[in-house]
Structure formats: structure tokens, C-alpha cells
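Thank you for coming, everyone. Please have a look at the structure as I put it up, and keep it in view while I talk.

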Amino acid sequence: MNALEKRIAAAYEKEGWTVLSSGWPDFLVHREKDGKIEIQGVEVKPRNRAYLRQNQRTMMDILCKVLPVYIASEEPCDAFSSL
């Protein structure tokens, strides 16, 4: 975080907020289908690093409450798995 971001984060924390600045999914995808907007988070994991770090797990736990989040991997039979 730069100096301004740190000051803003500190102000939010002082008000009781938890500030997350890392762990975001790799993609936020959206499309319009049948007149509605669909939104999903997508985290991409290669075969040799197919685990979520703690900051990613925390972010995904929160985001899953408001939008679908998927893990996309190199495994051919399990390309998309929902959290």
C-alpha cells in the first residue's frame, strides 16, 4: 500500500472495519444473459500450486456471500469448482 492507502485503511480500521487489500480473485467476469447481469469471481491455480493462501481463503469466504467464486485449474476433468 502507498502512504495514502495506508492512511485511508487506518481510518477505516479506527471505525471498526477490517481492511483486506490482498487475496482478490484473478478475474471478475460478467455477462448479460436473458436481460440479467451475471458476475463471478475466478481464481486460477496451476497444478503445482493448487492451494489457497490464507489471505485468499479469507477473501473468498467473504466474496462467496455475495457472488459465486470459482477455482479454475489445469486438471482436465475438474476445470471449474465452486467454493
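The structure holds 2 salt bridges, where a salt bridge is a side-chain nitrogen of Lys or Arg within 4 Å of a carboxyl oxygen of Asp or Glu. Please keep in mind that this is a predicted model, in which local features need pLDDT of at least 70 and side-chain atom pairs count only at pLDDT 80 or more, while totals for chains, interfaces and linings use all residues. Residues are numbered from 1 along each chain as its sequence is written, and side-chain values use heavy atoms, with hydrogens and water left out.

One of the salt bridges joins the side chains of Arg 31 and Glu 38, at 2.5 Å from N to O. Arg 31 counts as partly exposed, at 46% relative accessibility, and Glu 38 is also partly exposed, at 30%; here buried means under 20% relative accessible area, exposed over 50%, and partly exposed in between, with a 1.4 Å probe and protein chains only.

Another salt bridge brings together the side chains of Lys 45 and Glu 43, at 3.6 Å from N to O, and both Lys 45 and Glu 43 are buried.

Which residues does Gln 56 contact, leaving aside its neighbours within four places in sequence? They are Gly 23, Glu 43, Lys 45 and Tyr 51, where contact means heavy atoms within 4.5 Å. Gln 56 itself is buried, at 3% relative accessibility, and lies in helix H2, residues 54-63, a helix being a DSSP run of H or I with at least four residues, numbered from the N terminus.

Key. Helix = DSSP H or I, 4+ residues; strand = E, 2+ residues; numbered from the N terminus.
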